[in-house]
Each structure stands twice: as structure tokens, then as C-alpha cells.
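Please look over the sequence and the structure shown below before reading the notes that come after them. The notes are grouped by topic, so that each can be checked against the coordinates in turn.

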Amino acid sequence: MRKILVMLFLLVSTLTCFAENRFPKPQFEKGYTLPETTAPGPRSILLESVDVVVLLAALSLATWLVLKKRSRRGVFLLTIFSVIYFGFWKKGCICSIGAIQNVTLWLFDNQYVLPLSAAAYFILPLVFALLFGRVFCAAVCPLGTIQDLMILFPVKVPSCLAQILKLIPYVYLGLGALFAATGTAFVICRLDPFVPIFRLSGKLPILMTGIVLLLIGIFVARPYCRFLCPFSVLLNWMSKLSKWHATITPDECVKCRLCEKSCPFDAIQIPNINQVAEPRISGVHRLIMLLILLPFLAIGGGWAGSRLDVVLARENPTVRLAEAIQQNDQSELKLMVFEKEAFDGSGMKKEDLYVQAHTLRNKFRKGGWFMGGFLGVVFGCSLIGVSIKRTRDSYEPDRGACLSCARCFMSCPKEHQRIKKLNQVNC
Amino acid sequence: MPGTCKGMQTELTKPQSRRDFIRGILRNVFLAVLACFGGTVILRKVCLKADGADHGKACSGCPDLVRCKSPYSWLARPVSTRRTVWQLDPAKCIQCGRCATNCVLRISAVKCVHRFEMCGYCKLCFGFFQPGADTLTSAAENQMCPTGAIRRKFIEEPYYEYTIDESLCIGCGRCVKTCGAFGNGSLILQVRHDLCVNCNECSIARNCPAGAYRRVPADEPYLFKPASQNT
Ligand code: SF4
Ligand code: SF4
Ligand code: SF4
Ligand code: SF4
């Protein structure tokens, strides 16, 4: 009997039939009640709405603390709250950075339903940045705040290096959006370095990256925010246009240079009014040259991006399966055994799969044009940005890069005056 | 001194430069774009699907999230207050074992679930015993489950009840495979939502060879195959 059983196993072990009524339902003689199949539900929708309300409240509080109260201590306390609430309690998902992909997927795939919370997490920080600057980064974003707490001995990143590293977020954003738009993957979530720390578990390489970034963050303040975060691209743009942005001094800048080194993110721009200005005409020449170069950079970038279609498309499981099956047919080498088994079981035709893979590659080619073109324009614009010297007559935060963290406020003598006045009024 | 006591000192007090003017225009454009986005999110489109759950009302996402037929779908795409969670379709699952190893949680959120109404209460349970089991006892070496998470209880001759101890189950699906191949298929794998942290992108979903994972509405978070198909 046992032998037969073993043979049976060997014979059919590759074959999985689903739910067959091989054995009839038992007829119990004694009273036996069938146990209920348990189905514990997910986190309630109420908690999800609470998250959105807390996000809104935290953003408003951060705005008030930075712009009205000008209190670093308040921002610091809110920072700690955000790490605990949005990080360790909410365990990361969903966050504004990842929500970029939800919104992109939603734009390109009308089968995907955007959860209201994802929409709120995407839209609220951007609206606040348009009005008040990057208050979201200052004290709300869980990824930013956990790094903020690590800033102990900030050093200055050489500015030419910083200029180059600052382009990484654009590439990351472009790739993240491309993968999301084609429904391939949410790479930004996959590579989120801090979420394993919040969850206290996760894939080892990502966890290690997170820890390394935090350690680097002791010296290079907020490395992820400045040189990786894809959401920072959008926030940077919005913040550049902001209506009420934080200022270093509450009053008029007296150019005492006291705040010069107070920003750990090198976001303070120093006045350049006394420097020898180059003749205006050469600046205009250079600008015109760069403007002519811009379309070429865009087209070149787009072409290069579209060339990457085959490589990038391989990230898509359907394309990967199609390629593996083609290879399996040609050679004896067996790839993706489980995938193949599932495919064979699904009764789908190979030709259909190949067509699907082909459509996907086309999508990647089209998307690659857009992504590459975008990166070309970004590169061109950053060249223009470097080449144009705008005159500045006071110490100001660079609105795009400033995270509104309020660290520089107390270095300004005018701020001390303001506080003294305030205390006198209170007395 | 003007503005000394005012915290929100900005260049509003300074004369407006051309730069600020352009900035203002762009800001309003972006605000308008975000407002439109917010508007579509809040207004949503009207569901035109005749048998849709929200027919005639604002779309909140169909239960099965089927492709939308609304002519406005290009304008307003489905947005839902209804959340989605990840679930695997047992009809597609091939029990490859990756559910046990690919979850972001240290012990997978995927567990074996027993649908009692489909079970044959067999004395020789294919999910419980190793193929070459010497005796039909609960000795560890006889068991299919690597962690001994299946409990076997005598009910009456010849019926035995099997229950899963989910605190021990690692979601490897070995019992599911054999029960499906030789038994009634009453054991299936499911994401347990009291454990799952609902990652924005499920880490198992992207590694599942069968494409068994999908987002399902959070108020119907399980894909148990109905027992009616079995009787
Ligand atoms: S830059 Fe990105 S990671 Fe950093 S605080 Fe802002 S949104 Fe968060
Ligand atoms: S408020 Fe802005 S400029 Fe000032 S220290 Fe913070 S990031 Fe730097
Ligand atoms: S990864 Fe997919 S095929 Fe493998 S056990 Fe899990 S659901 Fe089944
Ligand atoms: S969503 Fe995350 S926690 Fe849930 S099963 Fe998938 S990987 Fe595990």
C-alpha cells in the first residue's frame, strides 16, 4: 500500500490539480460542529483616514513652527513625533515618496484604483511646498526625519560633487515613473532604505543600505534627501515657487556672516554683490549657446533612453518569462522553472505571451523617449543654472534645496533681537 | 522697527521683482493643476457599468476592479476610499515556496488556511503525512509540515480533524501542494491581514512565479474558493 502511495506521489507530483472532491464530505454520527474558517481583517479604514488627518495636522503645525514661531525646538519635537508615528507606528507604507508611483500607475492604467490616502499623501506635501516651502521635509516625512536625527557632525560636500550628485534624484524619478507607468514594478518602494528599519525586518541588502545611509548621515546631512529622494525633485520645483518661504533672518540681513556655516545641507547662498561681474555680453552669449544646446540634449537623451528598452523591459516579469521560454526552447538549459510550470498550467499560448512581451517593450521604448528627453532637459537646465550668476545682496536660503529645518534661524543676531523684544512684550 | 515682531516676514514687504511675478504665475498654474487632480479625486466619475456596484453613483472601484467602461475614464480615473490589500489567488498558486521566503516580515504573513467545509477528514491526510510515513501517528518524522503546525485530532472512526497553528506555519505551502494533488484541496495559502503590513508593492507579489497576487478590496480581503464548487 505504502509503495503504491510513494509511486503515486512520484508520478503526479509535478501536477497540481485544484480542489477536487476526491473524498466525500464525512457524515458524522455524533454531533460535530464544523469550525469556522477564520478571516482576520486588515487595518481598519478609520485608521487610514486618521493617518491623512494626522498628516494634514503635522504639515500645518510644521508650517506654523517654521514660519510663524521660528522655533527649532518645536520643529525638533515634531520631527521625533513623525519618526515615531509615520515611521515606527505606521511602518512606512504608504508614504509620499512611494505615492508618486501610485499616481503614475493610475494615470496610465485605468484598471488601477487610486486609494484616497495615496492621493492625499502625494498632493498635500506638494501644495504645502507651493505655499510655504518644504515644510514636509522639515519635520513630517518619516524618511527625512529619521536622517535628521542622525546629523551630528555635518561637513560641507564639495559643491562640484554636490552638483553632480544632485542629478541622481532626477534619474531615479524618471526610472521610477517609467517602471510604474508600464505596470512593471514599484522600484522606489522596493529600494526604500529606511522602511526595513521602521518595520524592524526586511531584505538584508536594503536594511544594510539603510544603516549605511544613516551612518553616512552623521557627517553628510540627510544623504537620501539630497542625493536620492525622487520626491525631492517635485518638492524642489514647488518650493522654488513658494509664496511664503522661510527666511534666515526675521528682518533685514545685515551681512554679518554669522549664519554662513549654520546650514548642514549647504542650502545657504552667500551674497555675491562685491564680486567682479563679468561683462554682460559674454554671459548672454553663453546663455544663448546653452539654449541652443537644450533641444539637442533633449533629443539625444530621448534617443539614448529609447535604446534602453530591451534592458529595462527585462525588469517586467512578463517580458522575462517570454525571454526565458524562448531560450528554453532553443537550448536545453532550463530557466525560471517555477514560472514555466505556472505558465504551462495556465493554458496560455506562447504566441500570446510573446505578443504581450512585445507590446511591453514598445511601451518601454516610448517611455524611454520621454524619460531620456526629460533627463536631457534637466541636465541642460542645470548647466544653465550653473552658468547664470544672479546677483544676491543678502544671505538667503536656496528655496529649492532648503528643507525649512529652522537650524539657521538662531545664528542670526536679528533673531536674538526679535526674541528679546518678544520677551519684553510678554513681561 | 517694522516687522520685528512679525515672524512671517517675507518679500511681500519688498517691492515685487519680475522674478517674483513669473514665480507667482507658475505657482498659480501648479496650484490649478493640483486642484484639478484633487478635484478628480474628490468628484470621481459616475459609474456606468450596468451591473456595477456603484451604478449611477460616484465610482468607488468595482469589487473586482474590472476594466472601466466609462467614457470619462480618461478624465477621471477610479479613485477609491475603498482601500485595497494584497491577496493571492489559490487557483493560480503552484506552491513554489517563495511565499515563505519573500515576505518583508521575518515570518511570512502568508499562512496555510484550512477550509473545513471542503475537508474529507481523512484518516490518511495527504497534507499531514509524509508520503512514506511508517505509521499514521503524529510523530514529527511522519509529518509533511516542517514546523509541525498542523494539529490532528480524532473525532470518530475514521474521521480526523486537522487545524493549522498559524503561529507555527511559515507559509511554505508543502501541505497545500499535496492536499491539492491527492486530497480535496481544502488547504490553501492566504495572506493573513492581521499580520500583513500591506506594502505598497508586495514583496512576494513581484517574485510570485504564477502571478497569483493581486490587489483586492480591503472589505473582501480573502480569496477562498467557494465550497459550493466542491459539492
Ligand atoms: S527630500 Fe524626500 S526623503 Fe527627504 S524629507 Fe523630503 S520627501 Fe522625505
Ligand atoms: S532652514 Fe533651510 S537654510 Fe536654514 S538651516 Fe534649514 S535647510 Fe538650511
Ligand atoms: S509565490 Fe505564488 S506560486 Fe509561490 S507559493 Fe506563493 S502564491 Fe503560490
Ligand atoms: S504585502 Fe508585504 S507584509 Fe503583506 S504579504 Fe506582501 S510582502 Fe508580506
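What follows is a briefing on the ligand shells, a helix pair and several individual residues.

The structure is a predicted model, and the values given here should be read with that in mind.

**Ligand shells**

- Ligand 1 is surrounded by 14 residues, and the closest of them are A:Arg134, A:Cys137, A:Cys141, A:Cys225 and A:Cys229.
- Four helices of chain A, namely α6 (135–139), α7 (142–148), α13 (223–227) and α14, each contribute at least two residues to the shell around ligand 1, and α14(A) gives the most, with three residues.
- By class, the shell around ligand 1 consists of 10 nonpolar, two polar and two charged residues.
- The shell around ligand 2 is made up of A:Cys263, A:Phe265, A:Ile268, A:Pro397, A:Cys402, A:Leu403, A:Ser404, A:Cys405, A:Ala406, A:Arg407 and A:Cys408, and these residues divide into nine nonpolar, one polar and one charged.
- Around ligand 4 lie residues of chain B, namely B:Trp86, B:Cys103, B:Val104, B:Cys196, B:Val197, B:Cys199, B:Cys202, B:Ser203 and B:Ile204; eight of this shell are nonpolar and one is polar, with no charged residues.

**Helices α5 and α14 of chain A**

- Two packed helices are described by the angle between their axes and the distance between the axes.
- For helix α5 (residues 116–132) and helix α14 (residues 231–240) of chain A, the axes come within 7 Å and cross at roughly 30°, and the crossing of α5(A) and α14(A) is right-handed.
- On the α5(A) side the contact involves A:Phe122, A:Pro125, A:Leu126, A:Ala129 and A:Leu130, which meet A:Phe231, A:Leu234, A:Leu235, A:Met238 and A:Ser239 of α14(A); the residues of this contact divide into nine nonpolar, one polar and no charged.

- A:Ser96 belongs to helix α4 (residues 96–108) of chain A, and A:Ser96 counts as buried because its relative accessible area is 2%, under the 20% limit.
- The side chain of A:Ser96 reaches the backbone oxygen of A:Tyr121 at 2.8 Å, and, leaving aside residues up to four places away in sequence, A:Ser96 touches A:Tyr121, A:Pro125, A:Phe136 and A:Phe231.
- A:Val54, found in helix α2 (residues 45–69) of chain A, is likewise buried, with a relative accessible area of 17%.
- When residues up to four places away in sequence are not counted, A:Val54 touches A:Phe81, A:Tyr85 and A:Phe86; the C-alpha atoms of A:Val54 and A:Tyr85, which are 31 residues apart along the chain, are separated by 9.1 Å.

**Residues with positive phi**

- Most residues other than glycine have a negative phi.
- A:Arg222 has a positive phi, near 45°; A:Arg222 is placed in the loop between α12 (204–216) and α13 of chain A and counts as buried, at 0% relative accessibility.
- B:Asn198 also has a positive phi, near 55°; B:Asn198 sits in the loop between β6 (187–191) and β7 (213–217) of chain B and counts as partly exposed, at 23% relative accessibility.

**Chain B: fold and buried elements**

- Chain B has three helices and seven strands, which from the N terminus on run in the order α-β-β-α-β-β-β-α-β-β.
- Of the 231 residues in chain B, 54% are buried, and among the contacts in chain B with a separation of 6 or more, 64% join residues 24 or more positions apart.
- Helix α3 (residues 174–182) of chain B is largely enclosed by the rest of the structure, because eight of its nine residues are buried; the buried residues of α3(B) are B:Cys175, B:Val176, B:Lys177, B:Thr178, B:Cys179, B:Gly180, B:Ala181 and B:Phe182.
- B:Phe126 lies in the loop between β3 (110–114) and β4 (150–156) of chain B and counts as buried, at 15% relative accessibility.
- The C-alpha atoms of B:Phe126 and B:Cys175 are separated by 7.4 Å, although these residues are 49 residues apart along the chain.

Notes. Residues numbered from 1 in each chain as written. Chains lettered and ligands numbered in written order. Predicted model: local features only at pLDDT ≥ 70, side-chain atom pairs only at ≥ 80, totals over all residues. Heavy atoms only, no water. Near = heavy atom within 4 Å. Nonpolar A, V, L, I, M, F, W, Y, C, P; charged D, E, K, R; others polar. Axes fitted to C-alpha atoms, helices over the stretch in contact; angles between N-to-C directions. Left-handed = near helix turned anticlockwise from the far one by under 90°. Contact = heavy atoms within 4.5 Å. Buried < 20%, exposed > 50% of the residue type's maximum accessible area, 1.4 Å probe, protein only. Polar contact = N/O pair within 3.5 Å; in protein donor to acceptor, adjacent residues only side chain to side chain.
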